[in-house]
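Dear colleague,

Please find the structure for your review below. My notes on what was found in it follow directly after.

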Amino acid sequence: MKYSVFSLLKNSLSGHKNWTPAWRSPEPKKEYDIIIVGGGGHGLATAYYLAKEHGLKNIAVLEKNYIGSGNVGRNTTIIRSNYMLLGNNPFYELSMKLWEGLEQDFNFNAMVSQRGVLNLCHTDAQRDAFARRGNAMRIDGVDAELLDREAVREMYPFFDYENARFPIKGGLLQRRGGTVRHDAVAWGYARGADLRGVDILQGCELTDIQTENGKVIGVQTSRGEIKCKKLALCAAGHSSEVASMAGLKLPIESHVLQAFVSEGLKPYIDGVVTFGAGHFYVSQSDKGGLVFGGDIDGYNSYAQRGNLPMVEHVIEAGVAMIPSLARVRALRSWGGVMDMSMDGSPIIDKTSVHGLYLNAGWCYGGFKATPASGWCYAHLIAKDEPHKVATAFRLDRFRRGYMLDEKGQGATPNLH
Amino acid sequence: MLIPCPHCGTRPAEEFTFLGDANVQRPTSLEDPNWNSYVYERDNPRGKIDEFAYHSGGCRAWLVVSRDTKTHEVFGAVIAKNFKRKQKS
């Protein structure tokens, strides 16, 4: 069923009793041409674009839990394309362009809201770095505006501009950045893929990868054995585990990142704002809750929950930026498992096993990349060559010395 | 998480800085083909891990803490120089 104002009217007249499920729950077939491991945003987007853009059939997505149970339902919903390096920014700008047309494309309301992403700067050196990054963005055709302190004050008069240690000196604004309803992204892609014949197998966990003469021939799952010609890993924080089933060792550590929602408030913060003197980012959801987060906890974890020291740290940074936050009560916090790569950039590549593809290493910036990740991964799987904006995301770039190190910090798994 | 520091006793996790897997083996010669693996690749276990932890808010010793990455349960900690790496299988 196509969703439209007419379908809404028709169903409201019948008391909303005749809506059908947005996707099927099929039994696994014996064999698929392509199996995607991981029914998160990236995996579902990959399935959707494989079916829609490349016209491929006979695809399955394996999800060990239910659609939206992983990081796609556990993030702070921010989208932006304010990167600096040539290997990164054209990719994220493709993602932004896909976000801009996404709801019409997959006929689902994902509440894409381009409310602006503002990065605050607090020193002259930081402002110079922002000017450089803004210029790099504009060379790549991305919008960027360097704001002075008064322009920031006009947007957000209640920030702490006179902080003795970290006064706000201005900011870098990307007006096309913003937020998206994260669950709806998973649901929209799942529905769009399902409509085009993709089997979404929920409650189906990968337990082993079968290879023969260095080639993938199938998988073992909690719902039985399934044969396949191509196997596409897309398992975010569990990438190391699934890759090890094929004997691969990845340049990735899994860490926990926490995020928080406050009680519902009246309209307070229009856009997305990031603190430049600490690690803190905040926006306000359409329900009124402030959605905010900070840095990873800093130790390897698969627990989907963090510890209290980082809660305190994040809220300290928030209150340093916005003193009135001190009176807001936090409602919920949660943790997600992040696939932290060694240079802070992702991997979309073939592997040494024939027919095995890898999409991983998104650190804690994977949500904004969802459409382009799916787009480029689908291109790689269908054509066996990387998409032109994803040529830098190679698995062997560490060995070759071509790291995509946006922060210039070297090999540590705590970048993003 | 509470870490049993051999010098300081049981201390909260925020006093420590973690540096990941302690079982990575640094190659001894420049020609060794395992440098890439040593610098970048990790087992990244879901379960028990031995990890380097620096007691920056305490005795400032490097420790190796044994911990479960699924549950955050801490099994123990030793001074890093006394830690025996797992032999490569």
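A salt bridge here is a side-chain nitrogen of Lys or Arg within 4 Å of a carboxyl oxygen of Asp or Glu. Glu150(A) forms such a bridge with Arg153(A), the closest N and O atoms being 3.2 Å apart. Both residues belong to helix 5 of chain A and are three residues apart, about one turn of the helix. Glu150(A) is partly exposed at 45% relative accessibility, and Arg153(A) is partly exposed at 27%.

Please note that the model is predicted; its scores are ipTM 0.95 and pTM 0.95. For chain B, the average pLDDT is 94, and 97% of the residues score at least 70.

Over all chains, the structure holds 30 salt bridges. In one of them, Asp199(A) pairs with Arg24(A) at 3.1 Å between the closest N and O atoms. This pair links distant parts of the chain, 175 residues apart: Asp199(A) lies in strand 8, and Arg24(A) in the loop between helix 1 and strand 1 of chain A. Asp199(A) counts as buried, at 5% relative accessibility, whereas Arg24(A) is partly exposed at 37%.

Salt bridges also link Glu93(A), Lys97(A), Glu100(A), Asp143(A) and Arg176(A) in a network.

Helix 3 of chain A covers residues 89-106 and reaches 24 Å from its first C-alpha to its last, close to the 26 Å expected. The helix bends by about 45 degrees at Glu100(A). Its buried residues include Glu93(A), Trp99(A) and Phe106(A). Just after helix 3, Asn107(A) takes a positive phi of about 55 degrees.

Yours sincerely

Technical notes:
Residues are numbered from 1 along each chain as its sequence is written. Chains are lettered from A and ligands numbered from 1 in the order in which they are written. This is a predicted model: local features need pLDDT of at least 70, side-chain atom pairs count only at pLDDT 80 or more; totals for chains, interfaces and linings use all residues. Side-chain values use heavy atoms; hydrogens and water are left out. Helices (H or I, at least four residues) and strands (E, at least two) are DSSP runs, numbered from the N terminus. The expected span of a helix is 1.5 Å times one less than its number of residues. The bend at a residue is the angle between axes fitted to the seven residues ending there and the seven starting there. Buried means under 20% relative accessible area, exposed over 50%, partly exposed in between (1.4 Å probe, protein chains only). pLDDT is the predictor's confidence in each residue, from 0 to 100.
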